[in-house]
Amino acid sequence: MDSVAASAISPLSIQNLSVAYQKKPVLKHVSFHVKEGELIGVVGPNGAGKSTLMKATLGLLPALSGEVLVYGKPYKEQRKLVGYVPQRESVDWDFPTNALDVVMMGRYGHLGWFGRPRSKEKAIAMECLSKVGMADFAGRQISQLSGGQQQRVFLARALAQDAKLYFMDEPFAGVDAATEKAIITLLQELKGQGKTVIVVHHDLATVEDYFDSVMLLNVELQAFGPTPEVFTQDQLQRTYGGRLAFLDRSVGSSSAGRKG
């Protein structure tokens with residue numbers, strides 16, 4: 001299949017994406033297509049550009065070059081098809097709003113510029129809170145929620161968008177075991193609905209269990225493909241260099257860094 005045909009049917013097609021901070025390259029000439037209905041992990045060392053890749057794709061950071069297509073069209077034309085869960089620490093959790101209101105924000109794209117949320121939108125938002133085990137906290141101020149609960153609320157907001165392509169920036173970071181289980185169950189449910197989910201992830205010990213495909217990134221794209229083929233010791237050593245201390249699932253995750 002040629003690149004034009006691939007980009008037309010791919011949930012996400014990126015060509016030659018480059019980003020720099022203060023003239024320092026953070027991403028260099030990144031190109032790939034993703035397949036529909038997959039869970040995709042993005043891994044790499046500190047400063048690898050993982051979060052930058054996500055933000056540049058969503059137009060949250062300026063790019064030096066590159067083209068981003070969502071189902072064959074520019075991202076700006078396809079925003080309604082895309083859901084985003086940012087890193088939890090990047091959110092102002094002191095903002096005076098409750099859990100239900102946060103989830104309702106995910107419905108605004110379906111209402112138009114002047115639409116007001118109706119009982120239907122509230123019912124959808126409550127259903128999404130229920131799916132992540134947070135229905136009982138609908139009226140709770142988000143500042144009064146635990147870290148894991150806050151993450152679940154943001155996942156519920158993404159669910160409420162009813163997107164086809166989801167970006168999640170370290171959704172498992174700093175959450176308890178119950179929340180991690182709830183998140184992976186939710187991701188599997190989205191996959192079962194034919195959705196595509198791209199996840200920045202730091203715990204190398206769970207990559208093989210969680211993701212169909214994996215992207216290894218360190219400023220440049222090191223490798224991308226089915227997890228059994230790409231997630232190998234040799235590829236990881238090439239991606240992380242000397243910063244990959246170990247990868248032993250019996251011991252736990254690598255000490256390699258989390259952010260990017």
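So, helix α10: its buried residues pack against β3 (39–43), β9 (213–218) and β10. Contact here means heavy atoms within 4.5 Å, and helices (H or I, at least four residues) and strands (E, at least two) are DSSP runs numbered from the N terminus. Before I go on, a word on what we're looking at: this is a predicted model, where local features need pLDDT of at least 70 and side-chain atom pairs count only at pLDDT 80 or more, while totals for chains, interfaces and linings use all residues. Residues are numbered from 1 along each chain as its sequence is written, and side-chain values use heavy atoms, with hydrogens and water left out.

Back to α10, which covers residues 233–240. Which of its residues are buried? Leu236, Thr239 and Tyr240. They span an arc of only 80 degrees around the axis, so they sit on the same side of α10. That arc is taken from the directions from the helix axis to the C-beta atoms. And buried, by the way, means under 20% relative accessible area, with exposed over 50% and partly exposed in between (1.4 Å probe, protein chains only). As a bit of background, an α-helix has 3.6 residues a turn, so residues three or four places apart point the same way. Just after α10, Gly241 has a positive phi of about 65 degrees.

Okay, on to helix α2, residues 50–57. Why do we call this one largely enclosed by the rest of the structure? Because seven of its eight residues are buried. Those are Lys50, Ser51, Thr52, Leu53, Met54, Ala56 and Thr57.

Four strands make an open sheet in the order β2-β1-β4-β5, with antiparallel pairing. Two strands pair if DSSP finds at least two bridges between them. At the edges we have β2 and β5 (73–74), each pairing on one side only.

β1, residues 13–21, pairs with β2 over six bridges. Walking along that pairing, Ser13 is opposite His33, Val19 faces Leu27, and Tyr21 faces Lys24. The two strands form a hairpin with two residues between them, and Gln22 in the turn has a positive phi of about 50 degrees. On β4, β1 has four antiparallel bridges, and there Gln15 stands opposite Glu67.

Last topic, the rings. Rings of Phe, Tyr and Trp (its six-membered ring) pair if their centres lie within 6.5 Å; planes under 30 degrees apart are stacked, over 60 edge-to-face, and the rest tilted. How many aromatic pairs does that give? Three. One of them is Phe32 with Phe224, edge-to-face, at 5.7 Å centre to centre and 75 degrees between the planes. Phe32 lies in β2 (residues 24–33) and Phe224 in β10 (residues 220–226), so this pair ties together parts that are 192 residues apart in sequence. Phe32 is buried, at 6% relative accessibility, whereas Phe224 is partly exposed, at 26%.

Elsewhere, ring pairs join Phe172, Tyr210 and Phe211 into a cluster.
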